[in-house]
Amino acid sequence: MAPTLTIGSPSVSIANTGPVTYTVVYADAALNAVTLAASDVALNSTGTATGAVSVTGSGDTYTVMLSSLSGNGTLGISIAAGTASDLAGNLAPAAASATFTVDNTAPTVTIGAPSQAFATSGPITFSASYADANFGSATLAEAAVTLNATGNAAGTVEVTGNGSTFTVTISGITGEGSLGISLAAGTAADGAGNLAPATTSSATFTVDNTPPTVAISAPSANFTSAGPVSFAVSFADANLGAGALAASQVILNSTETATGTVSVSGSGSSYTVTLSNLSGDGTVGITIPGGIATDLAGNATPGATSP
């Protein structure tokens with residue numbers, strides 16, 4: 001009966017550069033000689049996985065080491081027939097091992113868009129998700145998050161989540177400008193030990209803590225009997241949002257017996273307030289109350305009174 005040849009399991013089930021070892025044991029009651037060398041070992045690979053083979057050992061026990069691994073796929077070994085003989089001249093048969101995974105691809109990191117495009121004080125959230133066919137674990141913490149700011153925008157970072165999905169929350173936001181985030185390298189690893197890379201900056205959101213301005217022009221006439229007299233009203237903001245001025249929102253500021261009828265025309269950021277059917281004696285002006293318009297961050301216009 002020929003010597004038996006047993007190849008143990010790989011020393012690890014997944015690796016990037018290695019080394020990974022196999023224990024090879026020969027058995028025969030009349031074992032004579034073992035001549036196992038690197039040239040007797042063939043790599044069984046899938047994908048682009050490859051590596052270098054070396055053999056050490058003596059007697060009936062040897063170690064086959066695969067090192068300098070590269071690529072992605074699986075590797076195992078086959079040992080050619082005839083690497084051992086017994087005293088009767090019987091030769092050991094060929095044998096093949098179990099395989100292990102070669103993974104040299106780092107986990108990917110994806111940062112989602114900010115939860116809002118504009119903010120005053122926040123909070124604003126970003127999702128951070130990791131992906132890898134052999135994902136291991138993620139350890140994302142506040143210290144690994146960098147705020148990328150323009151202007152004097154600032155905020156406080158908090159990280160929640162587990163597994164492969166996390167939420168980065170920016171709160172206590174102040175200043176003017178923009179904010180985004182980037183993540184440091186090494187916040188996750190796969191089963192082979194490949195570390196997630198650093199990210200580039202996420203998409204940003206605008207930090208706007210300045211309310212829109214309100215401007216009321218001088219009246220179209222300084223003196224009148226019945227009118228009409230008009231005032232130009234304009235709202236201005238780099239991020240002007242919603243708002244519509246209505247006649248019911250305009251307050252008449254009058255002295256003595258002066259009074260009149262209010263009408264409003266216009267849209268967007270420019271309006272004309274017209275006072276007609278004026279009667280009595282005195283002065284008349286207008287006040288636009290606060291909150292008529294807002295910018296995209298939610299800042300509301302202050303009140304304003306005509307000159």
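Modeller: In this predicted model, 18 residues line the largest pocket. Those nearest its centre are Asn222, Thr224, Gly282, Thr283 and Val284. The space inside the largest pocket comes to about 360 Å³. Strand β27, which covers residues 270-279, makes the biggest contribution to the lining, with three residues.

Next, a single residue. Serine 178 sits in strand β19, which runs over residues 177-183. Its relative accessible area is 14%, which is under the 20% limit, so serine 178 counts as buried. The side chain of serine 178 makes a polar contact of 2.7 Å with the side chain of threonine 150. Apart from neighbours within four places in sequence, serine 178 touches two stretches of the chain: Asn148, Ala149, Thr150 and Ala153 are among its contacts, and so are Thr204, Phe205, Thr206 and Val207.

Last, a sheet. Four strands form an open sheet in the order β1-β3-β7-β6, and the pairing is antiparallel. Strands β1 (4-7) and β6 (50-58) are at the edges, each pairing on one side only. From one strand to the next, the twist averages 20 degrees. Within this sheet, strand β3 (residues 20-27) is joined to strand β7 (residues 61-70) by six bridges in the antiparallel sense. Valine 24 has tyrosine 62 in β7 as its bridge partner.

Methods: Residues are numbered from 1 along each chain as its sequence is written. This is a predicted model: local features need pLDDT of at least 70, side-chain atom pairs count only at pLDDT 80 or more; totals for chains, interfaces and linings use all residues. Side-chain values use heavy atoms; hydrogens and water are left out. Helices (H or I, at least four residues) and strands (E, at least two) are DSSP runs, numbered from the N terminus. Buried means under 20% relative accessible area, exposed over 50%, partly exposed in between (1.4 Å probe, protein chains only). A polar contact is a pair of N or O atoms within 3.5 Å; within protein, one must be able to donate a hydrogen and the other to accept it, and residues adjacent in sequence count only if both atoms are side-chain atoms. Contact means heavy atoms within 4.5 Å. Two strands pair if DSSP finds at least two bridges between them. Axes are lines fitted to C-alpha atoms, for helices over the stretch in contact, and angles run from 0 to 180 degrees between N-to-C directions. On a 1 Å grid over the protein atoms alone, a cavity is a set of points where a 1.4 Å probe fits but cannot get out, and a pocket is an open set with protein on both sides within 12 Å along at least five of seven lines; lining residues have an atom within 4 Å of a point. Grid points are joined across faces, edges and corners, and a volume is the space filled by probe spheres set on the points.
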